[in-house]
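Please find below a colleague's note on the model under review.

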Amino acid sequence: MRKMLLGAMSAGLMILTSLSVGTTCWGDTGKIELRPKGYLLTDEAYVVPLKDGRDTVEMLESQAAEIGALRRYVSSQDRIVDTVSADIAALEAARMREREAWSRSVEKLQKSNERLRSPWSVGLFAGYDAIHQEACVGAGLVFSFWRF
């Protein structure tokens, strides 16, 4: 019951609103006359008084000025969007260059880690031979069993 009452009230309100919107323009229609054929015109046409025509021309000129201002605003916004898109393209290119440099440095680090991970290495050594009682220096190939 409440829903039906609410629906009827909203429908009535919409009808009253649509009718009241139409009544605001009824006062101006008395100035426009429909003339029959042959009255200075070849076809039936609406004849508008001169004052109303001037008002219409002024309205069209003001609308043209507003459209021109809006066109200038939109073109300035287009320039701003173009500069922003150019900045975004530059940032994207810089990001790609940075990514490539990072990838190269990662590859270098991976290669050096693989080389350091190998248990084989070449080393120089120096020491004292207690049996022969002399100093010794040499180079050799070393295999590591464990690392610390």
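The points below move from the basis of the note to the overall fold, and then to individual residues.

1. Basis. The model is predicted: local features need pLDDT of at least 70, side-chain atom pairs count only at pLDDT 80 or more, and totals for chains, interfaces and linings use all residues. Residues are numbered from 1 along each chain as its sequence is written, and side-chain values use heavy atoms, with hydrogens and water left out.

2. Secondary structure. The chain contains two helices and four strands, arranged along the sequence in the pattern α-β-β-α-β-β. Here helices (H or I, at least four residues) and strands (E, at least two) are DSSP runs, numbered from the N terminus.

3. Burial and surface. Of the 148 residues in the chain, 3% count as buried; buried stands for under 20% relative accessible area, exposed for over 50%, and partly exposed for values in between (1.4 Å probe, protein chains only). The chain exposes about 13900 Å², of which carbon and sulfur atoms supply 65%. Accessible areas come from the Shrake-Rupley method with a 1.4 Å probe, and for residues only the protein chains shown count as cover.

4. Contact range. Taking contacts between residues at least 6 apart in sequence, 12% join residues at least 24 apart. A contact is defined by heavy atoms within 4.5 Å.

5. The S3–S4 hairpin. Strands S3 and S4 pair in the antiparallel sense over 10 bridges, where pairing requires that DSSP find at least two bridges between two strands. The two strands form a hairpin with four residues between them. Within this pairing, Gly127 stands opposite Cys136 in S4.

6. The turn. Gln133 is placed in the loop between S3 and S4. Its phi is positive, at about 55 degrees, although Gln133 is not a glycine. Gln133 is also exposed, with a relative accessible area of 60%.

7. Gly138. This residue lies in strand S4. Which residues does Gly138 touch, not counting those up to four places away in sequence? They are Gly123, Leu124 and Phe125. For Gly138 and Leu124, the C-alpha to C-alpha distance is 5.8 Å, with 14 residues of sequence separation.

8. Nonpolar patch. Trp120, Val122, Leu141, Phe143, Phe145 and Trp146 make a nonpolar surface patch of about 830 Å². Patches are made of residues with over 30% relative accessible area and no salt bridge; like charges are joined within 9 Å and nonpolar side chains (Val, Leu, Ile, Met, Phe, Trp, Tyr) within 5 Å. Strand S3 (120–129) and strand S4 (134–143) each supply at least two residues of the patch. One of its members, Leu141, lies in S4 and counts as exposed at 61% relative accessibility.

9. Salt bridge. How many salt bridges are counted? The count comes to one, under the criterion of a side-chain nitrogen of Lys or Arg within 4 Å of a carboxyl oxygen of Asp or Glu. The salt bridge joins the side chains of Arg95 and Glu92, at 2.6 Å from N to O. Arg95 and Glu92 are three residues apart in helix H2 (residues 50–117), so they are separated by about one helical turn. Both residues are partly exposed: Arg95 has a relative accessible area of 43%, and Glu92 stands at 38%.
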